[in-house]
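Welcome to my notebook. I went through this structure step by step and wrote down what I looked up.

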Amino acid sequence: MQYRTVLESFATPAMKYRAVFFLVLTCLLPDAAQAHSFEVPYILPIPLWIYMYACMAMLVISFAAIGYYSATPVTVTSPAPSSGGTGVQDYSGAIGRSVILVLRIGAVGLLFLTIAAGFIGTKDPMTNINMTLFWVVFLLGFAYLTAIVGDVFAIINPWDTMLDICETCGLDFSKARVIYPRALGYLPALCCYIALIWIELFTEQSPFVLSVALVAYSVIVFIGAWLFGRETWLRYGEFFGVFFRLIGAMAPVAYIRTPGPGEWHSRSRLPFSGIVDDPKEHLSLVLFVLFMLSSTIYDGLHDTQVWLDIYWKHLLQLIEPMWGSVGPKDRSALIIFWHTVYQRSGLILLLALYVGVYLSVIAVAKWIAKIDASVGSLAQRFSYSLIPIAFVYNITHYFTFLVAQIRVLPWLVSDPFGFGWNLLHLSRAPQDFGLLDMGFIWHMQVALILIGHLVSVCVAHMISLRVFHTRRQAILTQVPMLVLMMMYTSVGLWILSLHLSQRLNEAGG
Amino acid sequence: MRIVGQCDDAGALAVPDFSGKPEIRPVKVARFAKLAIAASTVVMLVGLYVGMKYSYAIGTFTAEQSRVFHIDVSEACLHGTEPAPVFEAHQGDHVVLAVTSLYSGGLYLHGLETVVDIAPGMETTITFTAEHAGRFFLHLHGNDEDHTHAELAVLEVAPR
């Protein structure tokens, strides 16, 4: 985009200052290119009858959940004493040190391979392994695996391992040189999360850009660990650690670090008990959970016809008269400029909307059940109940991409840098792997969203039984919470039913 | 009587008094109620599904046919000043994409992974039977210095 042309087209100094502000806002990262990176979605929106069925099924499931719990004489229990230790069914024992060592070395090796491939490998995202390793294997496949096998990332975190190595070499990351501000909480991790989604949605993804981003992130981790101490930064600032910890809380396995160096124990527990038991931590973690939900929703929404029509048919008519008389070229530049602003601010505005709705519902729950606790405190306690909805929506949105890309992984491993190698002596990659049946995709999407909704409703109910003193309070708070779950689930279903826009060229992604 | 685990606060839900009927226990009643709720939920979900599917999905199918779509790759296509057209077809249809271009390069039908070279001023056709349902993007990957990349059209193949 020609930002210079855009600036010159503003008539007054005040307009130019405003333009500079938005340029700073929008130019932090390069504009999205017309070219796709390596993901070309082929999913059609779910048809009307499946959408209508899903909405009705959601209502049926919601009321069934209320009826089920009303019929259950349950105990109002005390809050859980600690994370990961409650709901434990069995003590499974220690994880072998050699296993941990191999996993940690492997994780560091994969991180280095990802970074190196971006710098020395081909620029083609389809044939460079680093894009598939990071976006598909790590962020999708490993995240889904974490929901089953638990937070393995806490054990194999490659940045943790690199800090270990540095400490062995004499650098001390164990002590804090600056006291970590308590008010910050998980905000550093949230900022990294927003940056990651920003790169995903609004930049031309390439192996090189990814490697630069990973190097920059590694530098941030080292600086954070140096300033605030390793334990503190890995807990609050290291985005991937926080992300996988939240997903791993749903798993039927918990990993506990024992006092000895590098010793871990695994414990089996009831599925989802981790998100019921984990005590409240910090309000910023509520933002993090809500961003898990809103960012995936926005990823589905931002290139749909409905979303883009708001700009092209309504907002543009409002802002165009303010430009005055400009030439066709400048007009075109302004249209694209403001479209970029619209698209990028949408990500943050949707988070703000989700936070506003969530806090409002919590406030209503507090009011109708006459609870003494603050809205912030309740918001923290119930935020984990949204994780299943966020998680299943992520799967419905990305799983076809995962399936499509994971099939080419053997060929990428055989030629990681795109140099034409064939280390594994594989036959030539087939051009057409076949596509998943659209009916199967639609049914799976709807089934997953309904399951996620049911789990979230149940988890919210179980949390309420732990939090409140009386069963009446526990039941009453569930009415607004149920409405909230239905709203979030409905939005997820609605977006699945929306048509994508053909204005992708103009939209810039 | 008191149910095990029932809290004794004033706000607790009223519990039926079964003291005179020892053969009927509240735990059994609760278990029966839960089973009834679960069973009726499953029945409702299945019934809704069958009802919706056959009320709305039947009658939307058309016979397989041949569909020809023309695309003229002009400067407007490359600069995105007009939305790319959407071509609609059904699974099993015979599809012909006839492309005339001012530019040279490759025509990529993403998803179906079809690649055809294109030359300036020549009409190039991509012919295939739409076996897969989905939304497939037809892109021009130019072989010029700027590596022109433009979305020419979108083919939506509805399942039968």
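**Entry 1: the sheets of chain B**

I began with E1, E3 and E6 of chain B, three strands that form an open sheet in the order E1-E3-E6 with mixed pairing. Strand E1 (66-73) and strand E6 (123-129) are at its edges with a single partner strand each, so one side of each has no neighbour in the sheet. From one strand to the next, the twist averages 15°.

Next I looked up how E1(B) meets strand E3 (residues 94-101) of chain B: they run parallel and are joined by eight bridges. To have one pair to find on screen, I picked Asp72(B), whose bridge partner in E3(B) is Thr100(B).

Then I turned to another open sheet in chain B, with five strands in the order E2-E8-E7-E4-E5 and, again, mixed pairing. Which strands stand at the edges of this one? I found strand E2 (86-90) and strand E5 (114-118) there, each with a single partner strand, so one side of each is left without a neighbour in the sheet. Neighbouring strands are turned against each other by 20° on average, direction ignored.

Strand E4 (residues 105-109) and E5 of chain B pair in the antiparallel sense, over five bridges. Here I noted Tyr108(B), which has Val115(B) in E5(B) as its bridge partner.

**Entry 2: chain A in outline**

I moved on to chain A, where I read off 21 helices and three strands. The chain has 509 residues, and 43% of them are buried. I also checked how far apart its contacts lie in sequence: of those between residues at least 6 apart, 83% join residues at least 24 apart.

The domain assignment gives domain 1 (1-79 + 298-509) and domain 2 (84-278) in chain A. Their contact takes 32 residues from domain 1 and 35 residues from domain 2. Which element gives the most to the side of domain 1 that touches domain 2? I found that H17(A) does, with eight residues.

**Entry 3: the core**

I then looked up the largest nonpolar core and counted 146 residues in it, with Phe288(A), Val289(A) and Ile387(A) having the most contacts inside it. Helix H19 (residues 438-467) of chain A supplies the largest share, 15 residues. I took a closer look at Ile387(A): leaving out residues up to four places away in sequence, it touches Leu246(A), Ala249(A), Met250(A), Ile275(A) and Val289(A).

Most residues other than glycine have a negative phi, so I looked for exceptions. Lys370(A) has a positive phi of about 50° and lies in the loop between H15 and helix H16 (375-382) of chain A. Is Lys370(A) buried or exposed? It has 11 C-beta neighbours inside 10 Å, so it counts as exposed.

His425(A) has a positive phi too, of about 55°. I found His425(A) in the loop between H18 and H19 of chain A. With 6 C-beta neighbours inside 10 Å, His425(A) counts as exposed.

I ended with the confidence values. Chain A has a mean pLDDT of 85, and 84% of its residues reach 70 or more. Over residues 1-12 of chain A, pLDDT stays under 50, and the model has 23 contacts beyond four places in sequence for them. Residues 504-509 of chain A also stay under 50, with 22 such contacts. Where pLDDT is low, the predicted coordinates should not be read in detail.

Terms used
Residues numbered from 1 in each chain as written. Chains lettered and ligands numbered in written order. Predicted model: local features only at pLDDT ≥ 70, side-chain atom pairs only at ≥ 80, totals over all residues. Helix = DSSP H or I, 4+ residues; strand = E, 2+ residues; numbered from the N terminus. Buried ≥ 20, exposed ≤ 12 C-beta atoms within 10 Å, placed from the backbone. Contact = placed C-beta atoms within 7 Å. Core = buried A, V, L, I, M, F, W, Y, C linked by C-beta atoms within 7 Å. Pairing = 2+ DSSP bridges. Axes fitted to C-alpha atoms, helices over the stretch in contact; angles between N-to-C directions. pLDDT = per-residue confidence, 0-100. Domains from an automatic or database assignment.
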